[in-house]
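Subject: Structure handover

Hello,

Here is the structure I promised to pass on. Please open it and keep it beside this note while you read.

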Amino acid sequence: MPAVLGLNFHHDTSAALVVDGRLYAAEEERWSGVKHNHPTRKGTLTTPTRALQWCLEAADLEPQDIDVVWAASMRPNPAAGWWLAEERDELAALLPAPLGEHLRLLSHHTAHVLSGYLLSGHEYAAGLVIDAGGSSLGSDFGPGRERITGYGLRPDRIDRLHQGMPTVVPSPAGPRRIHSSLGHFYRNLARRVIPPGDEPEGSMMALAAFGDPQRYAAQLRDLVRLGDDGEVRIEYPWGSADSGTPLLLGGRAWTADNVAEQPEHERADLAAAVQEVFAESVVHVARHLQRLTGSSTLVFSGGCALNSYLNGQLAADSGFDTLFVAPAPHDAGTAVGAALYGWHYQLGQERLPVPADAAWGPHPGAVPTLAVPTGYRALTGLGRGLEPTVAALLAEQHIVGWVRGPLEFGPRALGHRSILAHPGHTATRDRLNAIKKRATYRPFAPAVLAEHATEWFMSEGDPFMNRVAHVRRCQATRIPAVTHHDGTARVQAVDPHHQGLRELLEQFHERTGLPLLLNTSFNRKGTPILRTAEQAVAAAADLGLDALAVGDTLLLAGHLSDPRATALLTR
């Protein structure tokens with residue numbers, strides 16, 4: 001059986017390996033501790049050294065055992081096709097010789113879309129990728145980069161059917177190229193809405209729930225014009241990276257420097273308008289793609305696919321019967337798409353099964369013998385008693401770190417490196433916000449037993465926590481800790497085959513009648529989701545969690561009594 005490696009050398013640096021029909025994948029940030037593994041300066045390449053090493057070790061392979069290596073191209077602004085050879089040589093030089101010799105490149109957006117399509121289980125699908133910017137378009141399309149790309153996808157072919165292009169307009173200094181990146185548009189506005197210290201895009205998406213979009217929507221629509229054939233035109237400079245130009249709106253100048261001076265309710269109104277205009281634009285492109293393909297399925301990927309509110313609207317309004325959002329739609333996922341491309345399209349291997357989870361990374365290891373921190377005690381050897389014991393703690397509104405099985409790939413905690421809590425108490429939510437040092441307007445997500453999802457939400461949810469759904473009104477008062485201000489929640493549907501969270505959810509459901517838990521990422525503010533048991537022990541003590549479950553060991557804070565007796569009581 002061949003072995004195929006996929007790599008991403010840019011931000012969200014990552015590696016993925018497919019061998020014997022199994023996927024191994026990891027992000028370099030989980031070793032470096034630098035979130036998104038940003039290079040030291042824009043355009044600098046970084047090698048996923050430790051993620052790559054782990055993939056090889058996990059599969060018991062050496063570099064010389066790899067048959068095919070693919071990576072996504074990101075070279076900016078070429079004049080013609082020669083850039084691929086130059087970039088390939090530059091990237092190959094960063095790898096051990098046997099791997100560098102095999103390296104080939106495919107486009108950034110193609111890697112994105114295949115990270116979804118080849119795991120979706122669908123035969124014929126439309127594919128849509130939207131982000132800040134991808135590979136250079138080269139001489140086939142003219143100068144520019146991928147911004148909005150539509151595909152027709154089949155097991156035996158990939159057709160690029162729609163390509164967003166820059167507009168060239170005259171100016172005194174000569175022709176000016178106006179870019180229309182929806183990814184840059186959203187980020188530019190987020191930096192003028194969210195004060196420094198919080199992740200701008202995710203925070204603006206959350207803040208939008210508190211605002212009135214009508215206050216600024218008409219003025220923003222003047223900046224984003226929707227035309228025939230899925231065209232999106234964004235006024236200069238809002239479709240390009242811009243951190244300095246003031247946005248003149250509502251009688252004030254909005255800048256990244258004065259954002260903290262703007263009243264929060266005003267910022268919420270602008271956030272709501274941006275979210276509405278952004279979603280309208282993506283739905284506009286998706287509807288065009290549906291007309292082009294006639295497909296009933298849309299696969300969505302790229303950085304903009306991290307916008308879970310957008311994804312909920314796409315599912316409802318795009319004209320497709322089915323929406324499949326890539327498990328890891330951010331740039332790290334291009335390594336997965338690149339590996340799957342080589343596996344299926346180049347080598348003709350069968351597609352991998354549709355995953356119920358994205359647990360493709362390393363196991364945490366055991367709790368070190370001498371690692372129990374001051375103020376905690378260890379209950380060891382719990383075995384099958386761990387889940388009912390933790391369910392009892394959660395039912396009593398304690399906050400528990402949960403480290404179970406292989407590490408998730410991607411930006412969402414899916415029940416392998418999570419902090420868990422009771423979904424029914426706002427006081428627990430508020431305490432958790434303080435623990436994680438989050439803005440109070442940011443919501444927490446529910447993880448729900450998949451077969452119960454539609455009893456609580458107006459959607460079946462998403463196994464990778466990529467889509468927002470409305471909470472059923474009759475249930476919202478029972479789960480206020482995971483119900484956002486606008487009555488929505490970003491729902492993770494936990495399949496019966498999920499190896500990290502399923503049994504605990506069943507135990508909690510049996511004890512409380514609630515088939516869901518509050519699930520948030522196990523990390524400190526501004527750092528990646530943690531990787532090892534040792535890191536989890538240190539973080540649990542630092543954050544002040546009530547308990548930590550790793551393997552069959554439970555670390556219990558000193559103020560709690562032994563929960564095992566409670567766990568044995570009639571549920």
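Is Glu266 buried or exposed? Glu266 counts as buried, because its relative accessibility is 8%. Here buried means under 20% relative accessible area, exposed means over 50%, and partly exposed lies in between (1.4 Å probe, protein chains only).

Before the rest, two notes on how to read the values. This is a predicted model, so local features need pLDDT of at least 70 and side-chain atom pairs count only at pLDDT 80 or more, while totals for chains, interfaces and linings use all residues. Residues are numbered from 1 along each chain as its sequence is written, and side-chain values use heavy atoms, with hydrogens and water left out.

**The whole chain**

The chain has 18 helices and 26 strands. These are DSSP runs numbered from the N terminus: helices are H or I with at least four residues, strands are E with at least two. The C-alpha trace spans about 75 × 60 × 45 Å along its principal axes.

Of the 571 residues, 60% are buried. A contact means heavy atoms within 4.5 Å. Take the contacts between residues at least 6 apart in sequence: 72% of them join residues at least 24 apart. The chain exposes about 22,000 Å², and carbon and sulfur atoms supply 49% of that. Accessible areas come from the Shrake-Rupley method with a 1.4 Å probe; for residues, only the protein chains shown count as cover.

**Charges and salt bridges**

There are 51 positive and 61 negative side chains. Lys and Arg count as positive, Asp and Glu as negative; His and the chain ends are not counted. The centres of the two sets lie 4 Å apart. Each charge is placed at NZ of Lys, CZ of Arg, CG of Asp or CD of Glu.

The whole structure holds 25 salt bridges. A salt bridge is a side-chain nitrogen of Lys or Arg within 4 Å of a carboxyl oxygen of Asp or Glu.

Back to Glu266. Its side chain meets that of Arg252 in a salt bridge (3.0 Å, N to O). Glu266 sits in helix α9 (residues 264–293) and Arg252 in strand β14 (residues 252–254), 14 residues apart. Arg252 is partly exposed, at 25%.

Now look at Lys525 and Asp198. Their closest N and O atoms are 3.0 Å apart in a salt bridge. Lys525 lies in the loop between β24 (516–521) and α17 (533–543), and Asp198 in the loop between α6 (182–190) and α7 (200–207), so the pair ties together parts that are 327 residues apart in sequence. Lys525 is partly exposed, at 40%. Asp198 is partly exposed too, at 22%.

**A helix and a histidine**

Helix α12 (residues 386–395) is mostly covered: nine of its 10 residues are buried. Among them are Leu386, Val390 and Leu394. Gln397 follows α12 and has a positive phi, near 70°.

His179 is in the loop between β10 (176–178) and α6. His179 is buried, at 18%. Leaving out residues up to four places away in sequence, His179 touches Arg147, Pro166, Ile234, Gly239 and Ser240.

Best wishes
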